[in-house]
Amino acid sequence: MIQRLRLIILITRPAVIVLLAMFTATGLAQADHGRSQTLLARALVVVCGFLLFSVACNDLADEAIDRVNLPGRRPLSAGLTGRTEFVAIGIVSGVVALAASATLRWQAVIVTAAGLVISAGYSLRPVRLADRGAIAAIVLPACYVGVPYLIGIFAARGFVRSDDLLQLAGLYLGFIGRILLKDFRDVRGDALFGKRTFLVRHGRRRTCVFSACCWTAGLIVLLATVHRPTVALAVVYAGCLAGALWLLCRLAAAQGGRREECLIAAIAIIGRGVVLLLFAHLSMTASGWPGWRYALVIGVLGVLTAGMASSMARHGPITRITSPFGLSAAAAPYGRDCIAADSQGGAIG
Amino acid sequence: MLAGVDINGRNREQPGGPVPQRAVWTIAGIFVAVVLSIFGLVVVGCAVMLYVGLSHYASNK
């Protein structure tokens, strides 16, 4: 039973669930309820159910590709669990997401239902948007940013304002700039199985240029639409953008999978830092924090983001070698040992 | 001497960087999270803690 629970936690992929939780919290803060822990907890139940459903669909559809791209690193492709169990997890989590959203508002039910349908269409045939290059890069971020952000908004109030949607557009553009880079890791299997990702179609340089455009547009939109923008936030965001663009230049010229992984992980840290800074800004301004204390926190968060991104770019991610599963698990040893590390990585697709 | 191993047999190319360097960012993040929580922003504090904790691992999002 405990092993099964750990499996479910690994399926949700901690890094991804934290990112989606930050989008949810940002939506809640945008609706002036950033400090409401109860509302956040209720919204997170919906988001967790939605993510589990999405991951179950994706892993079921990509089992063969994962054997090439991520040998032994996905529970299903590693043989740690069966397809029937994955189908059950997907159905139950989808029902839980819908039921939990019904306890919020009817608008939340519509967002959740639309998210589940799009997520299934992204991975499953005959729709299978994942194989359609640019469309995949547009649809997946819509699910992973739009659903949690709007659930956060609708947990607090029953309508969206134009500035909410503009802020969502900024977050969405930034996320497209990051999600395009996940295909670097998967390029071999994607090409092998005819998955026409943006990278496979247009190559490394154009992918990095497009990502840089999305980063720039996203940060400009975020700064232009944020409530009560400040000089401190603008300065830190400018630093984040400069860092991301510099890392993208390095990625365009990088050689070797390990180097690419370091740079992409560093870019992802800056991206999550941007979301965290926005959430902190909205929470502090709503709480009426004095200017100097606000500027100090924003500055410290900027330094933390820069430091961790720099460390990641130089040294790369740490890898866990402990297995979350018992030795009796019916899978290759490589698979058991790698799943913990991969669950932190949290790539979907 | 083996490539990637220093004179004391330690791995010079430790994934994720030297432990003290990682620890500095982790401690700094925990400090910021605690300060934010003390001043009433518990949710932001938790977000900072999770952000720092997971930033040592590979992620492409």
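Predicted model: local features only at pLDDT ≥ 70, side-chain atom pairs only at ≥ 80, totals over all residues.
**Close-ups of a two-chain model**

View 1. Residues are numbered from 1 along each chain as its sequence is written, chains are lettered from A in the order in which they are written, and side-chain values use heavy atoms, with hydrogens and water left out. Tyr51(B), Asn60(B) and Lys61(B) together supply 25% of the area that chain B buries against chain A, more than any other three residues. The contact (heavy atoms within 4.5 Å) takes 52 residues from chain A and 31 residues from chain B.

**View 2. What holds the chain B side of the contact.** Look for salt bridges (a side-chain nitrogen of Lys or Arg within 4 Å of a carboxyl oxygen of Asp or Glu) between the two chains and the count is zero. Polar contacts are another story: four residue pairs make one, both at pLDDT 80 or more. A polar contact is a pair of N or O atoms within 3.5 Å; within protein, one must be able to donate a hydrogen and the other to accept it, and residues adjacent in sequence count only if both atoms are side-chain atoms. On chain B, α2(B) gives the largest share of the side that touches chain A, nine residues.

**View 3. His227(A) in its loop.** You'll find His227(A) in the loop between α10 (198-225) and α11 (231-253) of chain A. His227(A) is buried, at a relative accessible area of 18% (buried means under 20%, exposed over 50%, partly exposed in between, with a 1.4 Å probe and protein chains only). Its side chain makes a polar contact with the side chain of Asp163(A), at 2.8 Å.

**View 4. Phe23(A) meets Phe175(A).** The whole structure has four aromatic pairs over all chains, meaning rings of Phe, Tyr and Trp (its six-membered ring) with centres within 6.5 Å; planes under 30 degrees apart are stacked, over 60 edge-to-face and the rest tilted. The ring centres of Phe23(A) and Phe175(A) are 6.0 Å apart with planes at 85°, so this pair is edge-to-face. Phe23(A) is buried at 1% relative accessibility, and Phe175(A) is buried at 0%.

Conventions
Buried area = accessible area lost by both parts, 1.4 Å probe. Helix = DSSP H or I, 4+ residues; strand = E, 2+ residues; numbered from the N terminus.
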